[in-house]
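Have the viewer open as you go.

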Amino acid sequence: MYLQSDRLQFRVYTDEDFYFLWSLLADPEMIRYIGKGETRDRSKALEFLYWIYRSYKENPGSGLLLLTRKTDGKKIGHAGLVTQTIEGVNELEIGYWVAKEFWGQGYAKEAAKALRNYGLQQLGKNRLISLIQENNMASQKVAEHIGMTVEKKISLFGKNTYIYAVEEEKSHGIPYIGNGKIDFK
């Protein structure tokens, strides 16, 4: 799967991307609001990469994708549609992580909007969610920017977490970011 927006290209992870992924997973500030908020050593980072690979096979059209800048190919983070089971219900989550050096430049908003459009318009999903811990104000702003609203608060990994959601009928009239080009390879 290949997805792009104005400034970003999304692509599947490869083994060559491992050290970049590990740099994200090993940084306490980067993962503070992700899952349990625990950093991962090399072995656990490799397990995470294998989990990403499995998600591509188990749920075609979804999974975490590497984000690169179109202008220079620089790896800046990852984002994707990830299957989550919340209170016994399978949901498709818009997830986004942008490396610290690229915070505040609008990349998370751009990636999240492209994924929202892809999930609702290309995959034909009726609903997408984002799981955002209550103290993660930056991610809450991103979710709200793409038209998501808080549905409820739950406890996930012992953390107070908001379920943000957007449904298909609420997304009409929202244009694609960039050309909205999606190619399958």
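This is a predicted model: local features need pLDDT of at least 70, side-chain atom pairs count only at pLDDT 80 or more; totals for chains, interfaces and linings use all residues.

Residues are numbered from 1 along each chain as its sequence is written, and side-chain values use heavy atoms, leaving out hydrogens and water.

**An aromatic pair**
- Phe48 and Trp97 are stacked (planes under 30 degrees apart), because their ring centres lie 6.1 Å apart with planes at 20°.
- Phe48 belongs to helix 2 and Trp97 to strand 5 (residues 89-98), so the pair ties together parts 49 residues apart in sequence.

**Helix packing**
- Helix 1 (residues 18-25) and helix 2 (residues 42-58) have axes that come within 9 Å and cross at roughly 115°.
- Helix 1 is therefore roughly perpendicular to helix 2 (65 to 115 degrees).
- The contact (heavy atoms within 4.5 Å) includes Trp22 of helix 1 and Phe48 of helix 2.
- By class, this contact of helix 1 with helix 2 has 10 nonpolar, no polar and one charged residues.

**Confidence**
- Mean pLDDT (the predictor's confidence in each residue, from 0 to 100) is 90 for the chain, and 90% of its residues reach 70 or more.
- Over residues 170-185 the pLDDT is below 50.

Definitions and conventions
Axes are lines fitted to C-alpha atoms, for helices over the stretch in contact, and angles run from 0 to 180 degrees between N-to-C directions. Helices (H or I, at least four residues) and strands (E, at least two) are DSSP runs, numbered from the N terminus. Angles under 35 degrees count as roughly parallel, over 145 as roughly antiparallel, 65 to 115 as roughly perpendicular and the rest as oblique. Ala, Val, Leu, Ile, Met, Phe, Trp, Tyr, Cys and Pro count as nonpolar, Asp, Glu, Lys and Arg as charged, and the others, Gly among them, as polar. Rings of Phe, Tyr and Trp (its six-membered ring) pair if their centres lie within 6.5 Å; planes under 30 degrees apart count as stacked, over 60 as edge-to-face and the rest as tilted.
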